[in-house]
Amino acid sequence: MRRSLDEQLISSDVDLDKRIVRQSGWVALSYGGHHVAVVAAMLVLVRLIDPKAFGVVALTWVVVTVAVEIQGAGVVSALVYRQGDIRPLLPSAFGFLLLSSAFVYGAIFITAPLISELFNTPSLTKVVRIMGLLVPLTALGHVSSGLLERDLDFRSRAKADVAAAISQV
């Protein structure tokens, strides 16, 4: 016997609810694993470098984090929430993210001396310019991360996020 449309919708809502609940643990692992790796990296850095150098690295992380957030420009969110087939949009999204990350890195490179002067830390210029390269490197994974989020495949995304955080250590 064929199920009515209402029964199919209710069934698909229940299946979606179960899937979301199952995947929420992976989201927690992703965020938690990322933050544990960052804290571990900071603890290692505290032991390896002098406090002034640690301050330079911490200031640089602030600049890089802000730059990564600016660079995304909502493209990943648009891919996640867009209805229908997004495959034709993927090359454009990837290209935009690469171009915007190159632009943002260029802005970081040019403004690094100003940032250094703002914080009265001459050594910050070189460190910001080098760690700023993380912006285009991060952009390489945005589209695939968005696809995993769109498909509610937070297990794979958690593995990738934790591996990326560990590799930055």
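Start your tour by selecting Asn 120, which sits in the loop between α4 and α5. Helix names here follow DSSP runs, numbered from the N terminus: helices are H or I runs of at least four residues, and strands are E runs of at least two. Before you click on, know that this is a predicted model, where local features need pLDDT of at least 70, side-chain atom pairs count only at pLDDT 80 or more, and totals for chains, interfaces and linings use all residues. Residues are numbered from 1 along each chain as its sequence is written, and side-chain values use heavy atoms, with hydrogens and water left out.

**Stop 1: the loop**

Stay on Asn 120 for a moment. Its phi is positive, about 55°, although Asn 120 is not a glycine. Is Asn 120 buried or exposed? It counts as exposed, at 67% relative accessibility. The cut-offs are these: buried means under 20% relative accessible area, exposed over 50%, and partly exposed in between, with a 1.4 Å probe and protein chains only.

**Stop 2: a pair of rings**

Now select Tyr 105 and Phe 109. A search of the whole structure turns up 1 aromatic pair, and here it is: the ring centres of Tyr 105 and Phe 109 are 6.1 Å apart and the planes are at 55°, so the pair is tilted. (Rings of Phe, Tyr and Trp, the last by its six-membered ring, pair if their centres lie within 6.5 Å; planes under 30 degrees apart are stacked, over 60 edge-to-face, and the rest tilted.) Both residues belong to helix α4, and because they are 4 residues apart, about one helical turn separates them. Tyr 105 is buried, at 17% relative accessible area, while Phe 109 is partly exposed, at 38%.

Arg 129 lies over the face of Phe 109, at 4.0 Å from the ring centre. A charge sits over a ring if NZ of Lys or CZ of Arg is within 6 Å of the ring centre and within 35 degrees of the ring normal.

**Stop 3: the cores**

Next, pick Ala 67, Val 104, Ile 108, Leu 124, Val 128 and Val 135. These have the most contacts inside the largest nonpolar core, which has 13 residues. Such a core is a set of buried Ala, Val, Leu, Ile, Met, Phe, Trp, Tyr and Cys residues joined through side-chain atoms within 4.5 Å. Which elements give two or more residues to this core? They are α2 (51-72), α4 (90-118) and α5 (124-131), and α2 gives the most, with 5 residues.

There is also a second, separate core of 7 residues, including Leu 79, Ile 86, Leu 90 and Leu 97.

Zoom in on Val 104. Leaving out neighbours within four places in sequence, Val 104 is in contact (heavy atoms within 4.5 Å) with Ala 67, Gln 71 and Val 135.

**Stop 4: helix α7**

Select Gly 146, which lies in helix α7. At 0% relative accessibility, Gly 146 counts as buried. Not counting residues up to four places away in sequence, Gly 146 touches Val 76 and Val 80.

**Last stop: helix α8**

Finish at Ala 163, in helix α8 (residues 154-168). Ala 163 counts as partly exposed, at 45% relative accessibility. Select Ser 30 too: Ala 163 and Ser 30 are 133 residues apart in sequence but 9.7 Å apart in space, C-alpha to C-alpha.
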